[in-house]
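Hi there,

Here is the structure I promised to pass on.

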Amino acid sequence: MNTCEYLNIANAIAPHRTSVVFEGRRLTFQHLKERVNRLANALWGLGVKPGDRVAFFNVNTPELIESYLASAQLDAIFVPLNYRVRAQEAAEMLRVCQPAVLMTGSRYLELARSALREAPASARLVALEERAGDGCLFYDDLLASASPEEERFPAAGSDDATLLLFTSGTTGTPKAVTLNHDSFSSYMLSSVPPADPDVEERNLLSVPMFHVAGMQGALAAIYGGRTLLLARQFEAREWMELAQGERADRAGMVPTMLKQVIDHPRFEEYDLSSLKVIAYGAAPMPLAVIKRAIALFPKVKFINAFGQTETGSTITMLPPEDHALEGPQEEIDRKLRRLASVGRPLEDVEVAIFDEEGGQAPTGAVGEVAARGPRLMSGYWGNEAATRDAFSRGWLYTGDRGYVDEDGYLYLTGRSKDFIKRGGEMISPQEVEETLAAHPGVAEAAVIGAPDLSWGERVRAIVAPRPGSSVTAQELIDHCHKRLASFKRPESVVFVDELPKNHLGKVLKRVLRERHGHPIEGPEA
């Protein structure tokens, strides 16, 4: 199914239902459809043709959704860009995707112009919020100049590209992941109920839509006929105000966002009782955080969704029933163990664990997580070498390490490149990080390998203490020693104010290695 059909289906079933709420603006599905038609016709008039790229440089706004759907109507390829990047990074992304049109918010206009010159790229520049002059077109003028009734009918099939998403770059230069229409349709058709004239839901989206989870959340809301409560960017208090004011039913979050909400000093002041479902993912969820969230939201159904940009987002899911910490103690203990997992594969996805020799690992054995199925990426745009490296015998190697238990639940143990090899022993940083996070004096922690002539690598912890804590390096080393094998305990501790993270709260291990990857000489503080 072509993704532009999602809006057609919702508009046919519930045309007068509110489709998007954004900072006082409310668009019905019919109104959204008219604006998408106008934009598609305007872009066609600018010469945008099938296969051309339409790039977007701004925070979450309704215009991003309109631009994606209009691009899909034209069989063009949409490219939402990370608005937090620096000029050099922006230029590199534009050099890779070479857009025909670049839409930009006022805040990012000069960055966009500079990046276009550096790329170089010959895109037509479109200002989203106000007229900018100097040859720059204005979004509202484009819509006003085009017909809302005439509809462009795409010819692209399910296997054709619809979206380029740049990887988050936690380990190096971002690459453009090519996703086709089936990357989203296979998930929607198997996991999301279509629009229903008698069912109204309000979905709060605060994950940036230049990330696959944000795009999946937005498209799921449209396909499901849900009202999308769109947050420009995430801020805990604003999120709670929007959830309370619009009586949100659903929300998608990353672990950092959920932690900020439940840790907010004014959390108890907000009525969040309307929430029925909270889906989380994109980064490891500390067990202490999800246990606390379950206690604070006893009526909410929690869902852990695991995937990555290259897999078209979700490939495994830990459902609500595995978050229900009730029943006999044996059952609660079993569910607590499963909370450390990312669930089981969805119906249209195969997941397997491969060892270093390329064979499938037995149950319980750690190896690299691989997936195959219809929603996987087509490859990296313009980078055949990286595409070849990512696939083997039809399997996409995710770069995550993990194992599958006897019940089919997938447990992640870290990234392949993050593993620490100490004297021949493989150490999972995530296991040590979870142990450190359980200490009351630790706000957050990350673990890296420090080079060592005798051992190859030794374990170094980078720790942000809780405000007011006086925890020491030796105290944390002893804490881990009591709970882990001796070779896994940190052999040095570096204290920092906060850990460097990307836009989704993933810790930038590459940055930590650059800053703190020097050899260990003794305990540090």
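Four bridges join strand β3 to strand β4 (residues 77-80), and the two run parallel; strands count as paired if DSSP finds at least two bridges between them. Within that pairing, Arg 53 stands opposite Ile 77. Helices (H or I, at least four residues) and strands (E, at least two) are DSSP runs numbered from the N terminus.

Before you read on: this is a predicted model, where local features need pLDDT of at least 70, side-chain atom pairs count only at pLDDT 80 or more, and totals for chains, interfaces and linings use all residues. Residues are numbered from 1 along each chain as its sequence is written, and side-chain values use heavy atoms, with hydrogens and water left out.

β3 is also joined to strand β5 (residues 101-104) by four bridges, again parallel, with Leu 102 as the partner of Ala 55. Five of the five residues in β3 (53-57) are buried, meaning under 20% relative accessible area with a 1.4 Å probe, protein chains only. Arg 53, Ala 55 and Phe 57 are on one side, and Val 54 and Phe 56 on the other.

In the loop between β3 and helix α3 you will find Asn 60, which is buried at 1% relative accessible area. A polar atom of the Asn 60 side chain lies 3.1 Å from the backbone oxygen of Val 207, and one lies 3.3 Å from that of Ala 231. Beyond four places in sequence, the residues in contact with Asn 60 (heavy atoms within 4.5 Å) include Phe 22, Pro 208 and Arg 232.

Best wishes

Conventions. Buried means under 20% relative accessible area, exposed over 50%, partly exposed in between (1.4 Å probe, protein chains only). A polar contact is a pair of N or O atoms within 3.5 Å; within protein, one must be able to donate a hydrogen and the other to accept it, and residues adjacent in sequence count only if both atoms are side-chain atoms.
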